Amino acid sequence: MDFGLNEELVAMKEAARTFTEKEIVPHADKWDEEHHFPKDVIKKMGELGYFGCPVPEDYGGTDVGFLAQAILCEEVSRGSSSVRVAFNTQCLGTVVSILRHGTEEQKQKWVPDLINAEKIGCFAITEPNAGSDVLALKATAKKDGDGYILNGSKTWISFASHADLAMVYAYTDRSQGSRGMSAFVVDMHSEGVSTSNLDKLGTRSSPTGEISFEDVRLPADALLGPEGAGVKIVFSSLNQTRLSCASGGVGVAQACLDASIQYCLEREQFGKQIGQFQMNQALLAEMSAEIEAARLLTYKAAWQKDQGQLGNVRETCLAKYTAGMAVTHCSEKAMRILGAYGYSTEYPVARYYRDAILYQIVEGTTNVQKMILAQDLLGYRKANR
Ligand code: GRA
């Protein structure tokens with residue numbers, strides 16, 4: 001067992017930290033305030049290969065793996081939780097499924113543009129009445145000649161209003177239950193597609209919206225995998241996107257700890273640095289323990305994926321759950337250490353606090369992660385596939 005990162009990973013981590021410090025950190029609060037989507041920065045990340053880590057070189061990737069991507073994702077998230085979302089839209093929630101289930105033509109057609117961020121991606125699972133209960137989604141894709149006609153409404157879709165391509169899940173045959181769901185790659189510029197933006201508490205430079213599909217004509221090659229494979233594709237895709245939530249949570253938690261340490265060393269009260277007070281010391285120590293645990297679980301889940309275990313639902317849930325808890329605890333502790341300055345918009349801690357809670361909601365709530373883990377422990381439903 002080796003807990004050290006190799007030289008290549010250390011160099012990538014340092015380069016990502018420098019990139020984040022230069023391109024993201026100075027602007028992140030302003031972008032958040034203005035609800036600005038930093039598409040140019042996402043494009044730069046695409047050009048640097050950030051989204052192509054688990055992608056073979058034949059499709060324009062760097063093939064350095066999931067662990068490498070998790071490390072980059074943590075560093076980026078340390079600067080902006082909003083920018084982190086691009087790891088899912090450009091790779092884990094789109095490209096990884098296309099690589100696993102697509103034909104050679106489909107891979108060539110979509111993968112290079114998504115990982116370069118030449119095209120913006122999104123993935124559309126959630127509907128107004130289908131959140132945790134994915135199988136309750138209502139969108140339909142009816143066979144029409146060679147292709148399909150897509151109808152339905154999706155909501156809470158990251159990057160919806162900027163997306164060129166969407167992974168869309170819809171029923172092709174309701175009578176088949178879960179086996180009647182199919183996955184499609186939809187050109188978002190097709191006739192009948194419209195989007196609208198939603199407002200939210202945090203992660204405000206990652207636009208989130210609704211998508212309406214009204215009699216959208218899909219060509220035959222929009223179907224990913226065979227008809228009916230949608231349920232397998234969606235759950236295995238969530239098992240990859242949850243990895244970026246885990247590393248994203250670790251990144252924001254680390255940003256909370258960094259800001260807390262800095263403030264503890266700067267601020268003086270009662271004639272000494274506030275870092276001298278044991279109650280503040282306890283908060284820092286607790287934060288670092290939770291972050292380290294979440295980071296190790298995240299590295300483990302990513303490492304397993306690099307060994308080919310893309311069905312490691314249990315370990316990915318453990319990482320996502322632990323990181324989600326760590327980041328919310330750390331953001332609250334940072335707020336307590338910074339006091340009124342934490343609550344003010346002068347320091348980024350207020351943004352971390354607003355962004356943190358998302359990690360307990362998105363890509364399967366904390367309760368869903370617990371359900372998956374407990375059902376596996378009890379032998380009711382095996383998590384790893
Ligand atoms: O036996 P079968 O053929 O009916 O298939 C079942 C099962 O074998 C079927 O799905 C299959 N399956 C899987 N296949 C491959 C289940 N898990 C996997 C897997 N990992 N790989 C139905 O399975 P089931 O166990 O009966 O499902 P269920 O009881 O309906 O649901 C279980 C559960 C609650 C855990 C699941 O639905 C779940 O994970 N829900 C959470 C959904 C979620 O994470 N939603 C987030 C949506 S995306 C998002 O938030 C992003 C938004 C922001 C953004 O755009 O970034």
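Predicted model: local features only at pLDDT ≥ 70, side-chain atom pairs only at ≥ 80, totals over all residues.
Residues are numbered from 1 along each chain as its sequence is written, and side-chain values rest on heavy atoms, with hydrogens and water left out. Local features require pLDDT of at least 70 and side-chain atom pairs pLDDT 80 or more, whereas totals for chains, interfaces and linings use all residues.

The shell around the ligand comprises 26 residues, of which S158, S178, R179, R242 and R381 come nearest; a residue is near if one of its heavy atoms lies within 4 Å of the molecule. By class, 14 shell residues are nonpolar, six are polar and six are charged. In this scheme Ala, Val, Leu, Ile, Met, Phe, Trp, Tyr, Cys and Pro count as nonpolar, Asp, Glu, Lys and Arg as charged, and the others, Gly among them, as polar. Helices (H or I, at least four residues) and strands (E, at least two) are DSSP runs numbered from the N terminus. On this basis, β3 (147-158), α8 (230-266) and α13 (366-377) each contribute at least two residues to the shell, and the largest share, five residues, comes from α8. Because domain 2 (121-230) and domain 3 (232-378) both give residues to the shell, the ligand lies between them; the domain bounds come from an automatic or database domain assignment.

A polar side-chain atom of R179 is placed 2.8 Å from a ligand oxygen atom. A backbone N or O atom of E363 lies 3.0 Å from an oxygen atom of the ligand, and a polar backbone atom of S132 is 2.9 Å from a ligand nitrogen atom. The protein covers 80% of the 1100 Å² of accessible area that the ligand has on its own, as computed by the Shrake-Rupley method with a 1.4 Å probe.

Eight aromatic pairs are present in the structure, with rings of Phe, Tyr and Trp (its six-membered ring) pairing if their centres lie within 6.5 Å. Planes under 30 degrees apart count as stacked, over 60 as edge-to-face and the rest as tilted. F19 and Y50 form an edge-to-face pair, at 5.6 Å centre to centre and 65° between the planes. This pair links distant parts of the chain, 31 residues apart: F19 belongs to helix α1 (residues 7-24) and Y50 to the loop between α3 (39-47) and α4 (66-79). Both F19 and Y50 are buried (under 20% relative accessible area, with exposed over 50% and partly exposed in between; 1.4 Å probe, protein chains only). The rings of F270 and F277 have centres 6.2 Å apart and planes at 85°, so this pair is also edge-to-face. F270 is exposed at 78% relative accessibility, whereas F277, at 25%, is partly exposed.

Terms used
Polar contact = N/O pair within 3.5 Å; in protein donor to acceptor, adjacent residues only side chain to side chain.
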